Amino acid sequence: MASEESIPILSGDASFKERNKILSYDEAGDLTDSSTLFSPAKIYFNFTTMSLSFSLNHSCVVSCLAYASAELGNELSSVCGGILYVCFALTAFLVANPVVIAIGWKNGLMIGACGYCIYVCGFLISVVFLTFFPSLSWTIACTAAAIGGLAGGLLWTSQGRCFSHHAALFAISSGLPSEKVNSDFAALFATYFLGLEMAAKLLATVIYLIVPAEAPYLVFSVYTLVAIGSCIYTNTLLTMDDVGTWEMSYKSVSHNVGAAGRLIYADRRVVLLIPFQIAYGLASTMVAYYVMGTVIAQSKSLGKQYVGLLAAVVVLSGAVMSIPLARMANLLGKHVVMLIGNVCLVLCSLAFFMLSNEQLGTWLVIVPYLVVFGVGRGVWENTNKAVIADFYSTESETCTTAFSATAFFTGYSGAIGFFSFHSLHRLAMAGVVLLMATISCISYEWAFVTDRRKRSEMDFQLRKMDIVRQRFEECKRSREQRDSWNRNRTGDLLGMDTTVDFGSIRVPVTYSNAASNALDTDDTFLL
């Protein structure tokens, strides 16, 4: 390439090196050198396309969840939410990892997006039939929730593999540090993800205010069409040489099914990341189920017509903070940003102990509350995923497994929240979130310490290997120098005529090439 090609990223410009070697996944799922060259522009554009299509699809799903309590009632919404998160957790833990490794992240995204379309369409149908055929509405809603949960577990695991794959390619192609690329890509994804979710919820609010009677049918019809369109858009993505292993043998599948469990057992870092996933899963359920469905929907000064608008405040604050959080992570370290996220979850739970529902359900209080939770969510969507990619940046399969494991615990805690929160007192809900967020403050910092120790041990082992390699090279050079000296000494004798005196007989002799091969330190010649 004769001229340099550069693109702007969140933290500056990255130059494309003509003679770079880009990494791709081999059949075992490991990163290897590939002769295929991908420019940073191509990698960046493909990742941006994935972020846009994924965010469009997912924004429709989470917007349905925000209106679940208001439109389906607390009982049905809690059951459907529980089913959704149970299926999500089981899929992420047992099924998603082997499937994504086998079929590749693009096919995983396609299947997951189609499953989400079924969920959104099922939500629309259940809202339509809720008044006339409640039993049918229950059946459709629960079935759609199960399909949506299966799709979500596959979708998020595929997104994690896509994220780590593109970040690794871009880091090698641009020559930037992988930690910096992970932060920038996480911020980019979070901006699209939260921004489009905000747009979806604001659209719903506008429709509810203009045509309140027909609003549920119009809103969820639009969501269904957008979800279908995002599936078509996802199909335009490039695989970037990660097409999956397509290894369907019993040995391969059974090995990958248990990979998440083995990683949790063997790697302390994953265990220490789990409390934050649980704290966020419980907090997000509390906000979606109780704050939106009870505090806001039943408030005298607010009401369910503002559920979409106030839900948009959460995603707006998370989206606005995505880039500043990424910059802060690059300057101060990701551990500082993760501590901020944990503190936000702590504050959200403490508010329930200090304020009643009437006090919380006012514009003056609820907006700051949702902003704080939005920052916490932005940390979970952004820096949390970048940390996972950092921890396993050189291990592609392990990185996919780590995303599966963390997604499982987020979904598992969400399921617990939806199944149990409707029977718990508001302070009990807040107390559970407060406990897990407090534990997470300590455990996440411990995870960073553990990772630094692990990297130090790896660096020490690498230094030892380098010393052994250097000594081997020195011995090899020493032997080559000795052999070269012997060959030079022998070469001085080649072709030289002389005579050997055997008393009265003088015999003429000549050194030959055959003899020179046998020469060492002693003078040996052929008679």
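The following legends describe several close-up views of one predicted model.

In this predicted model, local features need pLDDT of at least 70 and side-chain atom pairs count only at pLDDT 80 or more, while totals for chains, interfaces and linings use all residues. Residues are numbered from 1 along each chain as its sequence is written, and side-chain values use heavy atoms, with hydrogens and water left out.

**View 1. A salt-bridge network joins D267, R269 and D451.**
A salt bridge is a side-chain nitrogen of Lys or Arg within 4 Å of a carboxyl oxygen of Asp or Glu. The whole structure contains five salt bridges. In one of them, the closest N and O atoms of D267 and R269 are 2.9 Å apart. In another, R269 is paired with D451, and the closest N and O atoms are 2.7 Å apart. This second pair links distant parts of the chain, since D451 belongs to helix 16 (residues 426-493) and R269 to helix 9 (residues 268-296), 182 residues apart. Helices (H or I, at least four residues) are DSSP runs, numbered from the N terminus. Buried means under 20% relative accessible area, exposed means over 50%, and partly exposed lies in between (1.4 Å probe, protein chains only). R269 is buried because its relative accessible area is 3%, and D451 counts as buried because its relative accessibility is 7%. D267 is buried as well.

**View 2. K334 and D390 meet in a salt bridge.**
The N to O distance between these two side chains is 2.8 Å.

**View 3. Y119 is a member of the largest nonpolar core.**
A nonpolar core is a set of buried Ala, Val, Leu, Ile, Met, Phe, Trp, Tyr and Cys residues joined through side-chain atoms within 4.5 Å. The largest such core holds 131 residues, and those touching the most other members are Y119, F220, Y223, I296, I366, Y369 and L370. Helix 9 supplies the largest share of this core, 18 residues. Contact means heavy atoms within 4.5 Å. Leaving aside residues up to four places away in sequence, Y119 touches V61, C64, L65, L84, A144, A145 and G148.

**View 4. Aromatic pairs involve Y290, F352 and Y369.**
Rings of Phe, Tyr and Trp (its six-membered ring) pair if their centres lie within 6.5 Å; planes under 30 degrees apart count as stacked, over 60 as edge-to-face and the rest as tilted. The structure holds 23 aromatic pairs. One of them is the tilted pair of Y290 and F352, with 5.9 Å from centre to centre and 45° between the planes. Y290 lies in helix 9 and F352 in helix 11, so this pair connects parts that are 62 residues apart in sequence. Y290 is buried, with a relative accessible area of 12%, and F352 counts as buried at 1% relative accessibility. The rings of F352 and Y369 form an edge-to-face pair because their planes stand at 65°, with centres 6.3 Å apart. This pair links F352 in helix 11 to Y369 in helix 13 (residues 363-381), 17 residues apart. Elsewhere, ring pairs link F54, W156, F189, F193, Y280, F373 and W380 into a cluster.

**View 5. A nonpolar surface patch includes L339.**
Patches are made of residues with over 30% relative accessible area and no salt bridge: like charges are joined within 9 Å, nonpolar side chains (Val, Leu, Ile, Met, Phe, Trp, Tyr) within 5 Å. Accessible areas come from the Shrake-Rupley method with a 1.4 Å probe; for residues, only the protein chains shown count as cover. The patch covers about 610 Å² and is made by L339, V343, L347, L350, F353, M354 and L427. Helix 11 gives the most to this patch, with six residues. L339 lies in helix 11 and counts as partly exposed at 44% relative accessibility.

**View 6. K106 lies in helix 3 (residues 105-129).**
K106 is buried, with a relative accessible area of 15%. Not counting residues up to four places away in sequence, K106 touches T234, N235, L237 and T239.

How values were computed
Helices (H or I, at least four residues) and strands (E, at least two) are DSSP runs, numbered from the N terminus.
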